[in-house]
Amino acid sequence: MIKAGIIGATGYAGVELFRILLRHPQVEKIFVSSVSFEGQDIFDVYQNLRGQLGEKCDGKLLTADEVKEKSDILFTALPHGIAEQYADYCVKNGKKLIDLSADFRYGMDEETFKTWYKKSWDFPEVHKESVYGSPEMNRDEIKKARIIGNPGCYVTSATLALMPALKNSLLQTGCIIVDSKSGITGAGRNPSMKNQFCECGESFSAYNVGKHRHQSEIQRNCSLIAGKDVNIVFTPHLLPQNRGILSTIYAPLSDEGLEKIKGENPLAKIREIYTDFYKNEPFVRVLPDGVDPTTRTVRYSNYCDLQVYLVDGGKMLEIVSCLDNMVKGAAGQAVENMNLMYGFDETTAIDFIPPAF
């Protein structure tokens, strides 16, 4: 049994993480902090939690220092650039940390982090301890890690969609287009003009075109998977719904890829490549022919649903990827990483069945 702490528990990712940890049989205590609501009870901030905490948590929002001292593992759900200090503390005190910001998503590549996040590292040595927390990419490394950089939500949808094709050299890598749509929770809980109801309700818009920070992370992942540079053009959009990401990815097939799928039914060969690649992955579902992914069928779950299509006369692969940005895109994947780090069954507490409607 372990004691878990959440620093930043009243943001959307933080409270989703709290909801999941409450049902985790190997977590005996949960400690929570919030700068905005310090000293209050978490069930006064989120009324859905009232009467649901049991003996795992008294609900009091503590200071970050109190949480880090009481916990075996820390989850940091904070703005970028803050988690390093807690990771340094954890390494020095025999604890573990999973960060839901971007601070540990770039390995030892400080320059790329600095380019996109406009900040240098304060504790560069601690980055040597970190592992990128995509189970489908780094499961064995995650099991041995003390510090995890939890992937971005858009990034997870794109990476899982492209991984089998890149691993099998099916694609040209000069320009892959990732067109993604996210629910409004992806913008965070702090009010801003873009997430006000009157601005985003009954509306649909692109944002941060050509400059969204997740582009660098998607490109890094794809290049590592392919073993060569991959160029990504990424455009995010805001959907007028609470949660969910749908990514549509367009990638021209390489000559090698065309040769591999040559025959009577090339699409069936691609689907077979994807199905075989993910056959042992508990949270990636490659859908049958004719079934289109929707955000509704992954809501409140840790699943990523994938579908593949051949377009442009069979010369281009189109992949549609769906996941819940708050679960597989954030808190659920964080708990999946915790399960791996402690040797628990990977699906523990995140084996949610998506609601039917």
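**Exercise 1. Strand E14 and its neighbours**

Task: How do strands E11 (residues 245–252) and E14 pair, and over how many bridges?

Solution. Strands E11 and E14 pair in the antiparallel sense, over eight bridges. Keep in mind that this is a predicted model. Now pick out one bridge. Isoleucine 245 has leucine 323 of E14 as its bridge partner. Next, turn to strand E13 (residues 304–311). E13 and E14 also pair over eight bridges, in the antiparallel sense. Here glutamine 307 stands opposite valine 320 of E14. Then look at the hairpin of E13 and E14, with four residues between the strands. In that hairpin aspartate 312 takes a positive phi near 55°. Last, check the cover. Strand E14 spans residues 316–323, and seven of its eight residues are buried.

**Exercise 2. Strand E8 between two partners**

Task: In which sense, parallel or antiparallel, does E8 run with E10, and in which with E11?

Solution. Start with E10. Seven bridges join E8 to E10, and these strands run parallel. Now take E11. Six bridges join E8 to E11, and here the run is antiparallel. Serine 182 stands opposite isoleucine 245 of E11. Strand E8 covers residues 176–182, with six of its seven residues buried.

**Exercise 3. Helix H9**

Task: What does the buried side of helix H9 pack against?

Solution. First, the helix itself. H9 (residues 214–226) has 13 residues and reaches 18 Å from first to last C-alpha, close to the 18 Å expected. Second, its buried residues. Among them are His214, Ile218, Cys222 and Ile225. Third, their contacts. The buried residues of H9 pack against helix H5 (110–117), strand E6 (130–132), helix H6 (135–144), H7 and E10. Finally, the end. Glycine 227 follows H9 and has a positive phi, near 75°.

**Exercise 4. Rings**

Task: What kind of aromatic pair do tyrosine 154 and phenylalanine 234 form?

Solution. The whole structure holds eight aromatic pairs. For tyrosine 154 and phenylalanine 234, the centres lie 5.2 Å apart and the planes make 65°. Planes over 60 degrees apart count as edge-to-face, so this pair is edge-to-face. Tyrosine 154 lies in helix H7 (residues 153–167), phenylalanine 234 in strand E10 (residues 232–238), 80 residues apart. Buried means under 20% relative accessible area. Tyrosine 154 has 2%, so it is buried. Phenylalanine 234 has 1%, so it is buried too. Elsewhere, ring pairs link Tyr106, Phe113, Tyr117 and Trp121 into a cluster. Charges also meet rings. Lysine 68 lies over the face of tyrosine 89, 4.5 Å from the ring centre. The charged end of arginine 285 sits over the ring of tyrosine 303, 4.1 Å from its centre.

Notes
Residues are numbered from 1 along each chain as its sequence is written. This is a predicted model: local features need pLDDT of at least 70, side-chain atom pairs count only at pLDDT 80 or more; totals for chains, interfaces and linings use all residues. Side-chain values use heavy atoms; hydrogens and water are left out. Rings of Phe, Tyr and Trp (its six-membered ring) pair if their centres lie within 6.5 Å; planes under 30 degrees apart count as stacked, over 60 as edge-to-face and the rest as tilted. Helices (H or I, at least four residues) and strands (E, at least two) are DSSP runs, numbered from the N terminus. Buried means under 20% relative accessible area, exposed over 50%, partly exposed in between (1.4 Å probe, protein chains only). A charge sits over a ring if NZ of Lys or CZ of Arg is within 6 Å of the ring centre and within 35 degrees of the ring normal. Two strands pair if DSSP finds at least two bridges between them. The expected span of a helix is 1.5 Å times one less than its number of residues. Contact means heavy atoms within 4.5 Å.
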